[in-house]
Amino acid sequence: MYRKHKEDPTTYTVERLAKDYRIMRQRVHAILWLKELEEEEEKKLGKPLDESVEKLIDSFPEFFNSHCKEFHVASLPYKPDFKVMPEDWDGIAKDLDEVHYELSMKEDQILYEEFVQRMNFNKKKMAGEVKVHKYSRRRPSEGWNFTVEKLGPRGKRGGSGGWKFVSLPNGSSRPLNEMEKMYVKRETPRRRRKILP
């Protein structure tokens with residue numbers, strides 16, 4: 001999987017690999033990242049890593065074959081929902097299985113986007129771009145940069161009219177960079193019901 005993606009990433013995308021190997025897109029992302037880390041570790045050590053587990057899996061494939069496609073199934077409330085329709089109503093009620101499938105696909109996309117967002121943050125954390133130690137967060141000699149949120153019409157925040165920018169120690173301001181946008185996105189509350197994986 002990793003070899004195919006590395007040789008031709010435009011053809012062997014995450015979506016295609018997930019379809020070919022019958023696994024979730026989140027798992028494909030995790031496998032590709034793991035193999036990327038293993039490759040970097042091999043370069044540091046100057047020798048290949050231990051592959052005894054991979055050889056064991058290859059020796060007994062019948063114990064590790066996936067019996068069906070991996071996918072997210074939404075949990076529906078099992079209770080009657082009766083509605084009284086007018087006499088001239090000629091609409092068509094949706095099939096329950098169709099509604100269940102659409103809801104599952106919608107929830108799966110939400111879970112996938114959240115997974116990619118968290119994984120990208122963890123990548124930056126491992127690369128040392130995210131400051132986690134208290135000594136790395138000391139006040140710079142030129143002063144702090146502050147993130148300021150300007151409210152929109154009628155005191156609205158976020159997508160309702162407000163926007164954020166960075167105020168520099170010298171009194172000037174600048175727009176958010178990619179790292180700061182990622183922090184803002186992580187702080188934004190997700191207004192949705194709890195999704196069971």
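This is a short walk through one predicted protein model, from the overall fold down to a few residues.

Hi everyone, thanks for coming. Two housekeeping points before we start. The model is predicted, and local features need pLDDT of at least 70, side-chain atom pairs count only at pLDDT 80 or more, and totals for chains, interfaces and linings use all residues. Residues are numbered from 1 along each chain as its sequence is written, and side-chain values use heavy atoms, with hydrogens and water left out.

Let's begin with the whole chain. The protein chain has six helices and three strands; helices (H or I, at least four residues) and strands (E, at least two) are DSSP runs, numbered from the N terminus. Following the sequence, the pattern reads α-α-α-α-α-β-β-β-α. How much of the chain is buried? Of the 197 residues, 18% are buried, where buried means under 20% relative accessible area, exposed over 50%, and partly exposed in between (1.4 Å probe, protein chains only). As for contacts (heavy atoms within 4.5 Å), among those between residues at least 6 apart in sequence, 52% join residues at least 24 apart.

Now to a pair of helices. The axes of helix 2, residues 14-21, and helix 3, residues 25-45, come within 9 Å and cross at roughly 110°. Axes here are lines fitted to C-alpha atoms, for helices over the stretch in contact, and angles run from 0 to 180 degrees between N-to-C directions. Helix 2 and helix 3 are therefore roughly perpendicular to each other. For the cut-offs, under 35 degrees is roughly parallel, over 145 roughly antiparallel, 65 to 115 roughly perpendicular, and the rest oblique.

Which residues meet there? From helix 2 we have Val 14, Glu 15, Leu 17 and Ala 18, and from helix 3 Arg 25, Val 28, His 29 and Leu 32. By class, this contact has five nonpolar, one polar and two charged residues. Ala, Val, Leu, Ile, Met, Phe, Trp, Tyr, Cys and Pro count as nonpolar, Asp, Glu, Lys and Arg as charged, and the others, Gly among them, as polar.

In the loop between these two helices sits Arg 22. Most residues other than glycine have a negative phi. Arg 22, though not a glycine, has a positive phi of about 60°. Arg 22 is partly exposed, because its relative accessibility is 37%.

Gln 26 is in helix 3, and its relative accessible area is 13%, so Gln 26 is buried. Leaving out residues up to four places away in sequence, Gln 26 touches Leu 111, Tyr 112 and Phe 115. Then there is Glu 114, in helix 5, residues 96-126. Why does Glu 114 count as buried? Because its relative accessibility is 8%. With residues up to four places away again not counted, Glu 114 touches Arg 190 and Arg 192.

Next, the largest pocket. A pocket is an open set of points on a 1 Å grid over the protein atoms alone, where a 1.4 Å probe fits, with protein on both sides within 12 Å along at least five of seven lines; lining residues have an atom within 4 Å of a point. The largest pocket has a volume of about 650 Å³, that is, the space filled by probe spheres set on points joined across faces, edges and corners. Its lining has 21 residues, and Lys 131, Trp 144, Asn 145, Glu 180 and Tyr 183 lie nearest its centre. The elements giving two or more residues are strand 1 (146-150), strand 2 (163-167) and helix 6 (178-187). Helix 6 provides the largest share, five residues. By class, the lining has eight nonpolar, five polar and eight charged residues.

Last stop: two loops. Pro 169 lies in the loop between strand 2 and strand 3 (173-174), and is partly exposed at 44% relative accessible area. Beyond residues up to four places away in sequence, Pro 169 touches Glu 142, Gly 143, Trp 144 and Asn 145. Glu 142 itself is in the loop between helix 5 and strand 1, and counts as exposed at 58%. Thanks, everyone!
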